[in-house]
Amino acid sequence: MRTLVIDALYLNWALPAGAVPPPPAPLAYQDREWRGERWVFASALLFRNRGVHFQSARFLRLSYPQLNVRLYALDGEGVPSVLFRDMMLPRWVKPAVALTARHPVSSARFRFPQPSLDPQADGDGWRWVVEQGSRLEVVARPGGGLPGEGPSLGSWEQTVRFFRERPRGYVETAGGLHRIDTEHPRVTVWPLAAEVTDASLLAEVLPLGGGRESWPPLHSAWLCPEIPFVFDVRLVPKVAPAPRMPTPAASTRSSELARSMRRPARWPPTGRAAL
């Protein structure tokens with residue numbers, strides 16, 4: 001399947017490992033040490049899908065907003081992956097997506113801005129709202145991105161690569177794990193200064209244990225104005241738990257790829273970073 005992802009907002013957190021439910025086997029979180037504690041990473045991605053279609057049926061296309069909440073892990077083959085906790089879509093599109101994607105989705109109401117059409121974020125900045133009884137509300141404007149709350153993942157480029165370069169995603173279902181294979185081309189990235197003004201929806205999707213009443217401040221944030229996206233869904237049967245896998249360093253890509261990265265952009269977005 002193919003789609004063009006528009007105005008993808010990445011909101012990233014570091015969460016205490018002891019407050020997060022363990023992942024299904026054979027996944028293992030990529031955690032980091034910080035302030036004497038182990039931390040894992042989670043993101044909320046808010047974006048618009050434009051023209052979702054099967055490659056063999058280009059005439060049948062769907063466009064809709066989406067929120068997904070994810071955790072970051074290695075799979076049984078050591079491949080950097082994401083574990084989806086929830087995928088939220090408008091109610092009208094939920095049956096079609098659940099049928100074609102073959103994994104659970106939930107419905108919500110969305111109010112998304114279009115930053116790529118208003119790159120200066122005049123006034124109070126851009127505002128995203130997702131409602132499902134509880135809410136996720138975010139205000140963002142140009143600038144910022146790093147540093148944030150939590151362990152370092154290296155430079156700006158290394159941090160973006162850690163969250164973005166994940167060729168596999170997993171969704172837990174009654175029949176096992178659904179694996180989503182994806183392609184991740186280099187794209188433009190705009191650093192953002194973001195504030196989550198209401199995180200009650202996140203607390204319902206991924207409640208934190210260990211006496212943690214709320215999610216911590218953001219680790220990092222950015223926006224990708226446009227991402228060509230190709231994905232394939234397959235079933236991975238349930239397996240016995242695997243031994244804990246070692247966590248690679250944040251920078252595990254080749255030196256050739258590292259040299260190809262450019263520094264984050266100044267604002268307005270002229271000469272923007274492409275990651």
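Biologist: What does the secondary structure of the protein come to?
Modeller: Four helices and 15 strands. The model is a predicted one. Buried residues make up 52% of the 275 residues.

Biologist: What share of the contacts between residues at least 6 apart in sequence joins residues at least 24 apart?
Modeller: The share is 71%.

Biologist: What is the accessible surface of the protein, and how much belongs to carbon and sulfur atoms?
Modeller: The surface comes to about 12800 Å². Carbon and sulfur atoms hold 52% of that.

Biologist: Why is Tyr64 called buried?
Modeller: Buried means under 20% relative accessible area. Tyr64 has 7% relative accessibility, so Tyr64 counts as buried. Tyr64 sits in strand β5, residues 62-74. Phe47 is 17 residues from Tyr64 in sequence, and their C-alpha atoms are 8.7 Å apart.

Biologist: What makes β5 largely enclosed by the rest of the structure?
Modeller: The burial count. 11 of the 13 residues of β5 are buried, so the strand is largely enclosed.

Biologist: How do you know that β5 pairs with β2 and with β6?
Modeller: Pairing needs at least two bridges. Strand β2, residues 28-29, has two bridges to β5 and runs antiparallel to it. Tyr29 has Ala73 of β5 as its bridge partner. β5 and β6 form a hairpin with five residues between them. In that turn, Gly78 has a positive phi of about 80°.

Biologist: What makes β9 largely enclosed, and which strands does it join?
Modeller: Five of the seven residues of β9, residues 126-132, are buried, so the strand is largely enclosed by the rest of the structure. Three bridges join β9 to β8, residues 109-111, and the two run antiparallel. One of the partners there is Val129 in β9, facing Arg111 across a bridge. Seven bridges join β9 to β10, residues 134-142, also antiparallel. Trp128 has Val138 in β10 as its bridge partner. One residue lies between the strands of the β9 and β10 hairpin, where Gly133 takes a positive phi near 85°.

Biologist: Which members of the largest nonpolar core touch the most other members?
Modeller: Leu15, Leu46, Leu67, Trp128, Val130 and Leu136, out of 41 residues. A second, separate core has 29 residues, including Leu89, Phe163, Ile180 and Trp222.

Biologist: Which residues is Leu136 in contact with, beyond four places in sequence?
Modeller: Among them are Ala44, Leu46, Leu67, Trp128, Val130, Val196 and Leu202.

Biologist: Why is Asn12 called buried?
Modeller: The cut-off is under 20%. Asn12 is at 0% relative accessibility, so Asn12 counts as buried. Asn12 lies in strand β1, residues 2-16.

Biologist: What makes the Asn12 and Ser43 side chains a polar contact?
Modeller: The limit for the N or O atoms is 3.5 Å. The two side chains make their polar contact at 2.5 Å. Asn12 also touches Tyr72, Phe163, His219 and Trp222, among others.

Biologist: How many aromatic pairs does the structure hold, and why is Trp13 with Trp215 called edge-to-face?
Modeller: There are 12 aromatic pairs. Ring centres must lie within 6.5 Å, and planes over 60 degrees apart count as edge-to-face. Trp13 and Trp215 have centres 5.0 Å apart and planes at 90°, so the pair is edge-to-face. Trp13 lies in β1 and Trp215 in the loop between α3 and β14, so the pair ties together parts 202 residues apart in sequence.

Biologist: What makes Phe162 and Phe163 edge-to-face?
Modeller: Their ring centres are 5.2 Å apart and their planes are at 85°, so the pair is edge-to-face. Phe162 is buried at 5%, and Phe163 is buried at 1%. Ring pairs link both into a cluster with Tyr10, Phe41, Tyr72, Trp156 and Trp222.

Biologist: Why is helix α2 called largely enclosed?
Modeller: Eight of its nine residues, in the run 156-164, are buried, so α2 is largely enclosed by the rest of the structure. The buried residues include Trp156, Glu157, Arg161, Phe162 and Phe163.

Notes. Residues are numbered from 1 along each chain as its sequence is written. This is a predicted model: local features need pLDDT of at least 70, side-chain atom pairs count only at pLDDT 80 or more; totals for chains, interfaces and linings use all residues. Side-chain values use heavy atoms; hydrogens and water are left out. A nonpolar core is a set of buried Ala, Val, Leu, Ile, Met, Phe, Trp, Tyr and Cys residues joined through side-chain atoms within 4.5 Å. Buried means under 20% relative accessible area, exposed over 50%, partly exposed in between (1.4 Å probe, protein chains only). Contact means heavy atoms within 4.5 Å. Accessible areas come from the Shrake-Rupley method with a 1.4 Å probe; for residues, only the protein chains shown count as cover. A polar contact is a pair of N or O atoms within 3.5 Å; within protein, one must be able to donate a hydrogen and the other to accept it, and residues adjacent in sequence count only if both atoms are side-chain atoms. Rings of Phe, Tyr and Trp (its six-membered ring) pair if their centres lie within 6.5 Å; planes under 30 degrees apart count as stacked, over 60 as edge-to-face and the rest as tilted.
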